[in-house]
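Here is a friendly briefing to read with the model open beside you.

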Amino acid sequence: MKNHVRKMLNMAAKIARMKDDCRHFFIGAVAIRGDDVMVCSYNGAPKFPTPSHHCEARLSRKLDRGAIVYVARTTADGAWGLSKPCGNCELALRRSYVKKVYYTIAPNEYGCMTFDV
């Protein structure tokens, strides 16, 4: 199980890097929906950021009941950083009836949030 989680978090980190701009960190998310479809998102970079531009909030619009979400924060050199969803994103994921959220904490370390669905 651990290898699968790391593989999905690495995929989320790669998706985060697809947004090419001048930031020094990038956040991306991958989810496996209840119907086994994979969806993904990365943080927007608007002039005036709001929580609705976070990748988790953007991803929540594509999810269904029982989805498992993987969120990764990566720096310019590729190292993992803390990507635990903020309160607004956690609420958006709960409202989408997500089952679990895995998120990066530090290089080679991750955490998990479990929700009742």
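Let's begin with a strand pair: Ala 29 has Ser 41 of strand E2 as its bridge partner. This is a predicted model, in which local features need pLDDT of at least 70 and side-chain atom pairs count only at pLDDT 80 or more, while totals for chains, interfaces and linings use all residues. Residues are numbered from 1 along each chain as its sequence is written, and side-chain values use heavy atoms, leaving out hydrogens and water. Helices (H or I, at least four residues) and strands (E, at least two) are DSSP runs numbered from the N terminus.

**The E1–E2 hairpin**

- E1 and E2 run antiparallel and are joined by five bridges; two strands pair if DSSP finds at least two bridges between them.
- Five residues separate the two strands of this hairpin, and Asp 36 in the turn has a positive phi of about 70°.
- For burial, the cut-offs are under 20% relative accessible area for buried, over 50% for exposed, and partly exposed in between (1.4 Å probe, protein chains only).

**Nonpolar cores**

- A nonpolar core is a set of buried Ala, Val, Leu, Ile, Met, Phe, Trp, Tyr and Cys residues joined through side-chain atoms within 4.5 Å.
- The largest such core has 16 residues, of which Leu 59, Leu 63, Val 69, Val 71, Leu 93, Val 98 and Val 101 touch the most other members.
- Two or more residues of this core come from each of strand E1 (25-32), helix H2 (55-60), strand E3 (68-75) and strand E5 (100-106).
- E1 is the element that gives the most to this core, with three residues.
- Apart from this core lies another, of 11 residues, including Val 5, Ala 12, Val 30 and Trp 80.
- Which residues does Val 69 touch, not counting those up to four places away in sequence? They are Val 30, Ala 31, Leu 59, Leu 63, Leu 93, Val 98, Lys 100, Val 101 and Tyr 102, with contact meaning heavy atoms within 4.5 Å.

**Helix H3 and its surroundings**

- Cys 89, Ala 92 and Leu 93 are the buried residues of H3 (residues 87-95).
- Seen down the helix axis, the buried residues of H3 fall within an arc of 100°, so they line one face; the arc is that of the directions from the helix axis to the C-beta atoms.
- An α-helix has 3.6 residues a turn, so residues three or four places apart point the same way.
- On the other side of H3, Gly 87 and Arg 95 are exposed.
- The cover over the buried residues of H3 includes H2, E3 and E5.
- Ser 60 belongs to helix H2 and is buried, at 12% relative accessible area.
- Beyond residues up to four places away in sequence, Ser 60 touches Ala 92, Leu 93 and Ser 96.
- Just after H3, Tyr 97 adopts a positive phi of about 60°.

**Aromatic pairs**

- There are two aromatic pairs in the structure, where rings of Phe, Tyr and Trp (its six-membered ring) pair if their centres lie within 6.5 Å; planes under 30 degrees apart count as stacked, over 60 as edge-to-face and the rest as tilted.
- Tyr 70 and Tyr 102 are stacked, because their ring centres are 5.4 Å apart and their planes are at 10°.
- That pair links distant parts of the chain, with Tyr 70 in E3 and Tyr 102 in E5, 32 residues apart.
- Tyr 102 and Tyr 110 have ring centres 6.1 Å apart and planes at 70°, so this pair is edge-to-face.
- Tyr 70 is buried at 3% relative accessible area, Tyr 102 is buried at 7%, and Tyr 110 is partly exposed at 22%.
- Through these ring pairs, Tyr 70, Tyr 102 and Tyr 110 form a cluster.

**Cysteines**

- The structure holds zero disulfides, a disulfide being a pair of cysteine sulfur atoms within 2.5 Å.
- Cys 86 is partly exposed, at 29% relative accessibility.
- Cys 112 is in no disulfide either, and its nearest cysteine sulfur, in Cys 55, is 16 Å away.
- Cys 112 is partly exposed, at 37% relative accessibility.

**Arg 23**

- Arg 23 sits in the loop between helix H1 (2-16) and E1 and is partly exposed, with a relative accessible area of 22%.
- Leaving aside neighbours within four places in sequence, Arg 23 contacts Asn 43, Gly 44 and Ala 45.
- Arg 23 and Thr 75 are 52 residues apart in sequence, and their C-alpha atoms are 9.0 Å apart in space.
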